[in-house]
Amino acid sequence: MGSNIAVIGTGYVGLTTGACLSTLGHRVTCADVVPEKVDRLNLGDVPILESGLDEIVAEGLKSGQLRFLLGAAHAVADAEFIYLCVPTPQGADGSADLSYIEDAAREIGHHLEPGSIVINKSTVPVGSTRVVEQALGRSDVHVVSNPEFLREGSAVHDFLHPDRVVIGADDQSAAVRVASLYIGLTAPIQVTDPASAETIKYASNAFLATKISFVNAIAAVCEAVGADVNDVVLGMGYDKRIGEAFLRPGPGFGGSCFPKDSNALVRIAEEAGYDFGLLKGVITVNEEQFERTAGKVVRMAGGSVEGVRIAAWGLTFKARTDDLRESPAIAVLQRLVERGAVVSAYDPAVSGPIAGLDVEVVSDPYAACAGAEVLAVLTEWDEFKWLDLDKVADTMASPRVLDARNLIDRSALLRRGFEFQGIGRT
Ligand code: UGA
């Protein structure tokens, strides 16, 4: 029972994929290029904050279903299925950089078992299945696209309870073999061609990003006309055709996926001769949102933040992760620091200095507020809702809150004499 699987790359996607596949009864070998990381993982030391991951890695190690190895070539020996989960960072021109995936494919090419299937989970431009085939140089091995739809912070849940599993394959028997790996999950399995599978991934992320920029633009309208965006979203979301998901206004979208994938899809379309103006607008609205959020802090501080103490709650790109990549919180703080603000920040998942950002990171939310003229709430950590607002007011130089996630109880703030600004509501 179960298949022999190799997973190349132990980042957020690879580690979650490998550990979850082991819970489905497969024997999984995960490979990475960093020796210390492999050693730590073999001891059950998971380097990322991901709900439930520590537990299933520990279970997999204990049962022997999961192990970690140095080097992709060693991991693929005896594997029937090989998942590629390596990064595809944004290249200088906005397109995805495929060098990691090509290097990995070249490295494993000679070592693959005949008839094995290479499954690409990295987010890659349409047509990359062919690039992988070429880099492998093996006509006796299938390459299949199987994009991931995992959200950081709930990746284990998303893997085990997916909305769908998408398999892009030219060969039906290869698609069926890959589908069999997911027996036990109750999700529709869509089998399509590789280009469609790759497009589904980009289109899904771009659509979700579009929802967020749309609601942030509506929030700007709400501010101008005196409406409350929270009520507007509630009223829109009741319409099942619209739905309430991904309509939370905020400081803009960030993370390692939406910004990169939106830019990449603009490039993919451009290269195919289509000017994706709508998606360009989504990206522009997002960048404007960082500036709009910073501008609100400046206005609340009286028109200038030069030498002014600002407190920030939240640094990660969203709650329940420790990931700072493309964080809107950092984009906003960067703009404030450039205007001379003296920032003290607290985030439950972040300690120590942040490369390239001149802010003090403290380990206590009240300490961050000491002497501050404005408190900016930038990430939607639940614990911010339950903090002692009287203590916050006493600690600040003046009690002013910009709640860029519409997280904190507005009436509680107003009752305690705070000046308040939200997103799309005053
Ligand atoms: C996203 C997608 O949700 C996953 O389906 C996809 O697999 C993943 O990218 C990927 O391509 O690997 P993730 O980057 O973990 O997942 O983050 P999201 O939860 O989607 O949030 C992205 C950003 O949008 C965050 O900055 C978040 O705060 C923001 N956001 C999200 C909003 O501002 N409002 C919302 O209503 C929802």
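1. Helices here are DSSP runs of H or I with at least four residues, numbered from the N terminus. By that reading, α9 (194-225) and α11 each supply at least two residues of the shell around the ligand. The leading contributor is α9, which gives the most, three residues. Note that this is a predicted model.

2. The ligand shell. In total, 19 residues surround the ligand. The closest are E148, E152, K201, N205 and R248. By class, the shell splits into nine nonpolar, eight charged and two polar residues.

3. The side chain of K201 places an N or O atom 2.6 Å from a ligand oxygen. For E148, a side-chain N or O atom is 2.7 Å from an oxygen atom of the ligand. F149 takes part through its backbone: an N or O atom there lies 3.4 Å from a ligand oxygen. As for cover, the ligand on its own has 720 Å² of accessible area, and the protein covers 95% of that.

4. Strand β1. This strand spans residues 4-8. Is β1 mostly covered or mostly open? Mostly covered: four of its five residues are buried. The cut-off for buried is under 20% relative accessible area.

5. Partners of β1. Strand β2 (residues 27-32) pairs with β1 in the parallel sense, over five bridges. Within that pairing, I8 has A31 of β2 as its bridge partner. Strand β4 (residues 81-84) also runs parallel to β1, joined by four bridges. There, V7 stands opposite Y83.

6. What handedness does the unit of β1, α1 and β2 have? The β-α-β unit is right-handed, with helix α1 covering residues 12-23.

7. Backbone check, F246. Most residues other than glycine have a negative phi. F246 is not a glycine, yet its phi is positive, about 60°. F246 sits in the loop between α10 (229-237) and α11 (258-271). Its relative accessibility is 29%, so F246 counts as partly exposed.

8. Backbone check, R320. This residue also has a positive phi, near 65°, and is other than glycine. Where is R320 placed? In the loop between β9 (309-313) and α13 (328-338).

Note on methods
Residues numbered from 1 in each chain as written. Predicted model: local features only at pLDDT ≥ 70, side-chain atom pairs only at ≥ 80, totals over all residues. Heavy atoms only, no water. Buried < 20%, exposed > 50% of the residue type's maximum accessible area, 1.4 Å probe, protein only. Pairing = 2+ DSSP bridges. Right-handed = clockwise from strand over helix to strand, strands pointing away. Near = heavy atom within 4 Å. Polar contact = N/O pair within 3.5 Å; in protein donor to acceptor, adjacent residues only side chain to side chain. Areas by Shrake-Rupley, 256 points an atom, 1.4 Å probe, with all protein chains shown as cover. Nonpolar A, V, L, I, M, F, W, Y, C, P; charged D, E, K, R; others polar.
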